[in-house]
Number of protein chains: 2
Amino acid sequence: MDMETSKHIGPITMPRPLFTPLVEALPATVPFVGPEALERRSGIAIKARLGANENNFGPAPSVIAAIANAAPDVWKYCDSESHELRGALAENLALMPEQILVGEGIDGLLGLTCRLFLAQGDKAVTSLGAYPTFSYHVAGFGGHLVPVPYKDDREDLQGLMAAVKKHRPKIVYLSNPDNPMGTWWHADAIVDFAKNIPDETVIILDEAYCETAPSDAVPPLGFALPNLLRYRTFSKVYGLAGQRIGYIFGESDVIAGFDRIRNHFGVNKIAQIAALAALKDRDYLGKVIDWTAAGRAEIARFTNELGLSPLPSGTNFVTVDCGRDAAYAQAILNGLAERGVFIRKPMAPGLDRCIRISVGTEKDLEIARAALADTLKALN
Amino acid sequence: MDMETSKHIGPITMPRPLFTPLVEALPATVPFVGPEALERRSGIAIKARLGANENNFGPAPSVIAAIANAAPDVWKYCDSESHELRGALAENLALMPEQILVGEGIDGLLGLTCRLFLAQGDKAVTSLGAYPTFSYHVAGFGGHLVPVPYKDDREDLQGLMAAVKKHRPKIVYLSNPDNPMGTWWHADAIVDFAKNIPDETVIILDEAYCETAPSDAVPPLGFALPNLLRYRTFSKVYGLAGQRIGYIFGESDVIAGFDRIRNHFGVNKIAQIAALAALKDRDYLGKVIDWTAAGRAEIARFTNELGLSPLPSGTNFVTVDCGRDAAYAQAILNGLAERGVFIRKPMAPGLDRCIRISVGTEKDLEIARAALADTLKALN
C-alpha cells in the first residue's frame, strides 16, 4: 500500500464524471429546508414545530409499543410485498390487495409515479403553488410543468381541466383537501373532474389529508378509473411521518407497473409494523381527528382575535390570510421564527399573503399564539 | 353522488394510461423473492433464515433501546441532511460530512446512482452473476449491461478492465468482498484497478461486507478518486437491514449531485437514530465480527464434513461448491427449503454449482447442518 490515509482529504481538483445531460441541467435546489436544518442555520431552538403538518399528538401508544416490540427484529429485511399491511388496507378500503401499492411515503411514491409515466419532455399539470415535491420530481425526470393559478384560494378545477385539454399532459396532480391552502372540493366535483380527464392522462389525487376532511369531500372508495391513482399516507393523522410509509390505490394493471421500477425492499420493516398497528387502533384515530378539529378551531380563534383571517381548513393546518402583501406575511413568519415558532407559508403569487400554521398540542398553540401576538405588536 | 361503493371492485376493462416507452419495455421481474413471500407460496414455515445475508445476531441491545426510546418521536419527519449521523460517520471515516451521502440502503443508493449517471443507452459493466439489484436498476433507467464472467470464483479485475476499455461505460460495478461468492481482492489490487479506470467512468465499489473482510482487503479510507464512490451499509454487521439505511462516500462534488434528484426526506428518522447508536457501540460491533467469523468456520466445517467444498469468505455468508452441476446445487437448495431452511444460490453459469449459506446463530446453523445432511442423504 503506497498511499497515505490522510485525516481530512481535501477537495479533488480533477474533473468529476458527468451526470446525465438531464441531471447536469437540474438546479441544486431542494423542495424544503427541514426544521432541523433551519435550527442549525439560525441558531434558534424551535419551541413549537408547526410548519411541516406533522401530527404533534404523536402516534398511538399502541403504535409506540408495536415499534418497541419490533425493534429486536430489525435485522430482517422487510417483506417486499407488504403482504400483511396491504391485506389490512384492502380490508379497510374494500379493495383487493392488488389494487394497493405500499411505498416510502407519498414523496417517494410521487417520484416513482413521475418515473413511470413521464418521459423527458412530457408535460404535467399542477396548481401554481401546490406541493413542491411533486414539481421537484417532475423536473427531476425531465418533465415540463404546466402550472395553473389557484382561484379563490382553491385549486381551480376548471382551469386545470382547460390546461389538460390544451396541453394533453401525461399527469395532472390535484390534492383534496389541498396543501398549502387547506381548502377542498366536494367529492362530486372531484369525481366529475376525474371522469372528464382524457384516458391518457394520469390523475394523481393526493388525499394525504382526507381523514381530517369533511366526509363529503372524499370520493367513495369504490370510485375508480384506469387513469386515477389515489395517494394516502401514515404521515399525518397516524403520526408516522418519520417512518416513511404511504400507499397508492388504483387499477391493478397500473399498480403492477410500479413493480417494474420500485425498490422492492425499500419500505422499512418497522414502518410496515407501525402502520399496521396504527390502522388497527381506530379509537386513537378518532381522538386525533377530534384533537385536530379542536386545534384548527383554536388557530382560527386566536388568529382572528389578532386581526388576521383564517381560511376554512379540511387538513391538520390552518392557512391564515395576513391581509396585506407577501412581504408582510414573510415578516410575520420571520418574527415567529425568531421567537422559536416554526411555520411555513405559501409562496405563489396571490397565496403568498398567507401563513400556514399546523395544528399542535395546546402547549404548542399557546406558544404560537403568544409569539404571533408579540410579532404583530412589533410589526405594527 | 350517483355511483355505488362496491365491496370488491373488479378489474377495469378500459385501457390503462401508457407508461414511458422505457417502462413499457421492461419485464415484470423482481430482483429477489423475499423469504416471507417464499413462505406464503410454499406454505412451509422458515426455521432458519439464512438466505439474505442478514445479521441473525440482531442489532446491539443499545440499538434496540435507542429504537424504543425514539418511537414516540416518529411523528416528526427525518432530518433531511442526516446531520448527526453524517457527522459521526465523518468522524469515523476521517472524512468531511460533505463527502458522505446517507440514503435508503445500498439498494436505494444504487438506483439513485444509475439515475444520476445513466442516460438511456449508456453502458454499465458488472460481473455476470453479481448483485442483481444493481442490474435491475441499470435496466430500469434504460442502461445497457455489459456482463463479465467471474474467473476462479472471483470478480475478474482484468476482464472488467478490458470491458471498460472496450465499451467506455458510464459505470463499472465491483463488490469487495464479493456477493454471491464471498471472495475478495487485496486492497492493492482494488486501488490499482480503480486508478486505471478512465475518468469518465464511475466506479461503484460496493463494500457492504467490508467490516467482516480481512483488513488488507479494504483500501484505506483516504483513498479517493473523482470517479470513485464507495458504498457501505447498516444492513449487515450492524443488524439494521429492516431499517433501510446505508451511505456512499466519495468526492464532494459528486456527492452533492445526488441532492438534485434524491428524495430529501426519504431516510426514516428511526433509521438515522438506530444507525447513530450502532456506530457508537464499538464493543458490539467487535462481537458481531467475531461471531461472524465463528459462524463462517462452522459452515465451512459442516459442509466440508458432508463432502462439499466451502469457498473462503470475507463476508457474513459462505458459498459452498456442491461439486456437481447447477441442477444438483438447485436440488440441494430445494431440499433445504422443504426442510424450512432458507438459503440462496448463485445463478450465473459456472457459479451455479454453488449454494450460499448466511451466517446465523448456533441454533440456526445446527438446523441448517441437520437439514443439509438429511437432504444429501435423500439425494444420494
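Predicted model: local features only at pLDDT ≥ 70, side-chain atom pairs only at ≥ 80, totals over all residues.
Two strands count as paired if DSSP finds at least two bridges between them.

Strand β3 of chain B, residues 123-127, and strand β4 of chain B, residues 144-148, are joined by five bridges. Because two would be enough for a pair, these strands pair, and they run parallel. To give one position, B:Ala124 has B:Leu145 in β4(B) as its bridge partner. What do β3(B) and β4(B) make together with helix α6? With helix α6 of chain B, residues 132-140, they make a β-α-β unit, and the unit is right-handed.

Now the interface. The size of an interface is often given as the accessible area lost when the parts come together. For chain B and chain A the buried area is about 9300 Å², with 62% of it on carbon and sulfur atoms. Chain A puts 111 residues into the contact, and chain B puts in 111 residues.

How many salt bridges does the rule find across the interface of chain B and chain A? There are six. One of them links A:Glu81 to B:Arg40, where the closest N and O atoms are 2.8 Å apart.

Last, the side of chain B that touches chain A. Helix α5 of chain B, residues 105-117, gives the largest share of that side, with five residues. By residue class, the side of chain B that touches chain A has 54 nonpolar, 29 charged and 28 polar residues.

Terms used:
Residues numbered from 1 in each chain as written. Chains lettered and ligands numbered in written order. Heavy atoms only, no water. Contact = heavy atoms within 4.5 Å. Buried area = accessible area lost by both parts, 1.4 Å probe. Salt bridge = Lys/Arg side-chain N within 4 Å of Asp/Glu carboxyl O. Helix = DSSP H or I, 4+ residues; strand = E, 2+ residues; numbered from the N terminus. Nonpolar A, V, L, I, M, F, W, Y, C, P; charged D, E, K, R; others polar. Right-handed = clockwise from strand over helix to strand, strands pointing away.
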